[in-house]
Amino acid sequence: IYKCYFCSSNVYPGHGMVFVRNDSKMFRFCRSKCNRLFKARKNPRKLKWTKASRAARGKEMVNDPVLDFEKRRNEPVRYNRFTMIKTIQAMKRIDEIKIVRQKRFWQKRMEKAKEQQKRTIQLELEKHVHLITDETVKGHIVEKMDIKRQQDIEKNNKHRKKVVVESDDGEEEMEVEVVKVKKRANKPKPKVVAAK
């Protein structure tokens, strides 16, 4: 089984097409779509549906020893019935291992997505609390919103200080917000030379 040069999908015997360049390099394609895009000099890494693009964005397994078994080796081997049987059995086992590892890889990726989904759902619920009819759920969400608001207030109060101010009536306590000003580095201005 060959691999498509463009999208890296399987090209089974009797399927796909081959393009032979003038320097006698062979390019195998699974379908006319890949052939056309290759001839149009498109970069497979910039098309989202190709394996190269998915691997570049971390959506496919790349550094796994199971993938090394799939590599094509151009070494002539003398036919032996025993080795053929062993090879076919090993191929089945490798496929099983590969499927399990891909599943594990996918689950790890999806854990991050679950956290993101939870956050978006919480924000959506907070935004539309008035639409919720169940009082217990509504109370729980409102309670969480109050806790979050309180934390924000405490965070903002870290920058405030109490200052005693003297006035005509006497001394008063006031809360003043302290703002730290960043000093700019004095950069020399570029000299402009007028052209004659």
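The model you are looking at is predicted, so local features are given only at pLDDT of at least 70 and side-chain atom pairs only at pLDDT 80 or more, whereas totals for chains, interfaces and linings use all residues. Residues are numbered from 1 along each chain as its sequence is written, and side-chain values use heavy atoms, with hydrogens and water left out.

Strand β3 covers residues 17-20, runs antiparallel to β4 and is joined to β4 by four bridges; two strands count as paired if DSSP finds at least two bridges between them. Together β3 and β4 make a hairpin, with five residues between them. In the loop between these strands sits S24, which has a positive phi of about 60° although it is not a glycine. S24 is exposed, at a relative accessible area of 57%. Here buried means under 20% relative accessible area, exposed means over 50%, and partly exposed lies in between (1.4 Å probe, protein chains only).

Now look along β4 itself, residues 26-29, where the side chains alternate.

Helix α1 spans residues 32-39, and N35 is found in it. N35 has a relative accessible area of 13% and is therefore buried. Leaving aside residues up to four places away in sequence, N35 touches M17 and F29, where contact means heavy atoms within 4.5 Å. Just after α1, R41 takes a positive phi of about 60°.

Another serine deserves a glance. S8 lies in the loop between β1 (2-3) and β2 (10-11), and its phi is near 65°, a positive value in a residue other than glycine. With 27% relative accessibility, S8 counts as partly exposed.

Let's step back to the whole chain. The protein chain has four helices and six strands, and along the sequence they follow the pattern β-β-β-β-α-α-α-α-β-β. These elements are DSSP runs numbered from the N terminus: helices are H or I with at least four residues, and strands are E with at least two. Of the 196 residues, 11% count as buried. Among contacts with a separation of 6 or more, 32% are between residues 24 or more positions apart. The accessible surface comes to about 18,500 Å², of which 53% belongs to carbon and sulfur atoms; these areas come from the Shrake-Rupley method with a 1.4 Å probe.

Finally, turn to the helix pair α3 and α4. Helix α3 (residues 81-127) and helix α4 (residues 135-157) pack at an angle of about 100°, with their axes 10 Å apart. That makes α3 roughly perpendicular to α4, a label that covers angles of 65 to 115 degrees. The axes are lines fitted to C-alpha atoms, for helices over the stretch in contact, and angles run from 0 to 180 degrees between N-to-C directions.

Which residues meet there? Q122, L125 and E126 in α3 meet I141, K144, M145 and K148 in α4. By class, this contact has three nonpolar, one polar and three charged residues. Ala, Val, Leu, Ile, Met, Phe, Trp, Tyr, Cys and Pro count as nonpolar, Asp, Glu, Lys and Arg as charged, and the others, Gly among them, as polar.

Definitions and conventions. Parallel < 35°, antiparallel > 145°, perpendicular 65-115°, else oblique.
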